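Welcome! Here is a short briefing to read alongside the structure shown below.

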Amino acid sequence: EMAGALQKGILPEAVCNSHFTVRTLYEPANLVSGDMYDYVWQEKQTCLVGYVADVMGHGVGAALQTSALRVLGRQTITGDGSLSEKVTQLNDDITPYLEKDSFAALMVFQFDFSANLLTYVSAGINYFLVLSPSLSGVVKVPGIFVGMLPNMSYEQHTIPFYPGDSFFFLSDGMFELLTEEIIEKMIDYETALKL
């Protein structure tokens, strides 16, 4: 219980400003989890950059590995370079910290509010949800896990976003609970959050 409370305590709090609102749902299947997320508001660049991650496995071992991923992830996402370069660097940096035959799934995103452009890179989490008049539903994108092989490269993608659009970045445990029927009922942000 103490490990679970510590793990939850390092996760960032919900944020709301004139550009965006971030709310989070974090419910481990056990007391501790291999899932985590982090995000940083870079006010000078008017960018929100973050990620959702899922370390393979459950329990204390996976939870400990998420600690290394959080430290390296924060350093990487706030560093210089394109998002794909950042994920490539994170892959190389995290590999020594993961147990043998272990890896992490990751979705990294950057909302640039000066250009109204979402840039994202998949590294094993291959989907996210969008609610927008221009694009709604599940967005699927290929990408290999981090921590499996050194010197991997990752492809970045972009889509425009507009005021009122909603984006949902999920680990596989949450995504598996969402049937097509539930996704079709997600007509706005509040309804989607409740579902």
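Predicted model: local features only at pLDDT ≥ 70, side-chain atom pairs only at ≥ 80, totals over all residues.

Residues are numbered from 1 along each chain as its sequence is written, and side-chain values use heavy atoms, leaving out hydrogens and water.

**Around Thr21**

- Thr21 sits in strand 2 (residues 21-22); helices (H or I, at least four residues) and strands (E, at least two) are DSSP runs, numbered from the N terminus.
- Not counting residues up to four places away in sequence, Thr21 touches Val15, Cys16 and Tyr189, where contact means heavy atoms within 4.5 Å.
- The C-alpha atoms of Thr21 and Ser166 are separated by 9.4 Å, and the two residues are 145 residues apart along the chain.

- Five strands form an open sheet in the order 3-4-5-6-9, with antiparallel pairing; two strands pair if DSSP finds at least two bridges between them.
- At the edges are strand 3 (35-42) and strand 9 (156-160), each of which pairs on one side only.
- Strand 3 pairs with strand 4 (residues 47-55) in the antiparallel sense over eight bridges, and Val40 stands opposite Val49 in strand 4.

**The nonpolar core**

- The largest nonpolar core has 55 residues; such a core is a set of buried Ala, Val, Leu, Ile, Met, Phe, Trp, Tyr and Cys residues joined through side-chain atoms within 4.5 Å.
- Phe111, Leu118, Phe128, Phe167 and Phe169 have the most contacts inside this core.
- Strand 5 (104-112) is among the elements that each supply at least two residues of the core, and its seven residues are the largest share.
- Leaving aside neighbours within four places in sequence, Phe167 is in contact with Phe111, Leu118, Phe128, Leu129, Val130, Ile159 and Phe161.

**Helix 3**

- Helix 3 has 12 residues and reaches 16 Å from its first C-alpha to its last, close to the 16 Å expected at 1.5 Å a residue; the expected span is 1.5 Å times one less than the number of residues.
- Its buried residues are Leu83, Ser84, Lys86, Val87, Leu90, Asn91 and Ile94.

How values were computed
Buried < 20%, exposed > 50% of the residue type's maximum accessible area, 1.4 Å probe, protein only.
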